[in-house]
Amino acid sequence: MQAIDRAALAAQTGSDADLAREVLDLFAGQCRSILPRLTDPALPRDQRADLAHTLKGSAAGVGAVQVRTLADTAETQLRSGTGPVSLGALTDAVAAALSEIAVART
């Protein structure tokens with residue numbers, strides 16, 4: 001399974017390859033910025049839920065379906081205010097998306 005749904009990305013960018021690269025670069029930057037804070041248990045749950053929400057929206061914009069789905073789950077768990085929040089699968093999905101973006105840039 002591809003980390004980035006190219007058809008969804010093309011739909012979002014009007015099949016403009018330059019715009020797609022720019023959007024993917026922005027998404028990669030957001031991932032690198034958000035994930036460390038999202039996985040920081042010292043940060044309050046509501047702030048982490050907001051970060052998960054932002055990541056979910058960004059992922060939806062580039063067709064990173066797995067990241068979007070897992071960020072949505074994390075947001076729900078964090079907003080529930082109880083219980084542990086498992087972020088391992090989300091971390092793996094973000095890594096796969098970043099790897100795919102890096103390969104596409106070469």
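This is a predicted model: local features need pLDDT of at least 70, side-chain atom pairs count only at pLDDT 80 or more; totals for chains, interfaces and linings use all residues.

Visitor: Which helix is Lys56 found in?

Guide: Lys56 sits in helix α3.

Visitor: And is Lys56 buried or exposed?

Guide: Buried, because its relative accessible area is 18% and the cut-off for buried is under 20%.

Visitor: Which other residues of α3 are buried?

Guide: Besides Lys56, the buried residues of α3 are Arg48, Ala49, Leu51, Ala52, Leu55, Ser58, Ala59 and Val62.

Visitor: Why would residues three or four places apart point the same way?

Guide: An α-helix has 3.6 residues a turn, so residues at that spacing point the same way.

Visitor: What covers the buried residues of α3?

Guide: The cover includes α1 (6-13), α2 (17-38), α4 (65-80) and α5 (88-105).

Visitor: How does the span of α3 compare with what it should be?

Guide: It agrees: α3 covers residues 45-62, and at 1.5 Å a residue its 18 residues should span 26 Å, so the 26 Å between its end C-alpha atoms fits.

Visitor: What happens just after α3?

Guide: Gly63 comes there, with a positive phi of about 80 degrees.

Visitor: Let's go to Arg45. How accessible is Arg45?

Guide: Arg45, also in helix α3, counts as partly exposed because its relative accessibility is 26%.

Visitor: What does Arg45 touch?

Guide: Not counting residues up to four places away in sequence, Arg45 touches Gln77, Leu78, Ser80, Gly81, Thr82, Gly83 and Val85. With Gln77 there's a polar pairing too: a polar atom of the Arg45 side chain lies 2.8 Å from the backbone oxygen of Gln77.

Visitor: How far apart are Arg45 and Ser58?

Guide: They are 13 residues apart in sequence and 20 Å apart in space, C-alpha to C-alpha.

Visitor: Changing topic: at what angle do α1 and α2 pack?

Guide: About 110 degrees, with their axes 9 Å apart. That makes α1 roughly perpendicular to α2.

Visitor: Which residues meet there, between α1 and α2?

Guide: From α1 you have Arg6, Leu9 and Thr13, and they meet Leu19, Ala20, Val23 and Leu24 in α2.

How values were computed
Residues are numbered from 1 along each chain as its sequence is written. Side-chain values use heavy atoms; hydrogens and water are left out. Helices (H or I, at least four residues) and strands (E, at least two) are DSSP runs, numbered from the N terminus. The expected span of a helix is 1.5 Å times one less than its number of residues. Buried means under 20% relative accessible area, exposed over 50%, partly exposed in between (1.4 Å probe, protein chains only). Contact means heavy atoms within 4.5 Å. A polar contact is a pair of N or O atoms within 3.5 Å; within protein, one must be able to donate a hydrogen and the other to accept it, and residues adjacent in sequence count only if both atoms are side-chain atoms. Axes are lines fitted to C-alpha atoms, for helices over the stretch in contact, and angles run from 0 to 180 degrees between N-to-C directions. Angles under 35 degrees count as roughly parallel, over 145 as roughly antiparallel, 65 to 115 as roughly perpendicular and the rest as oblique.
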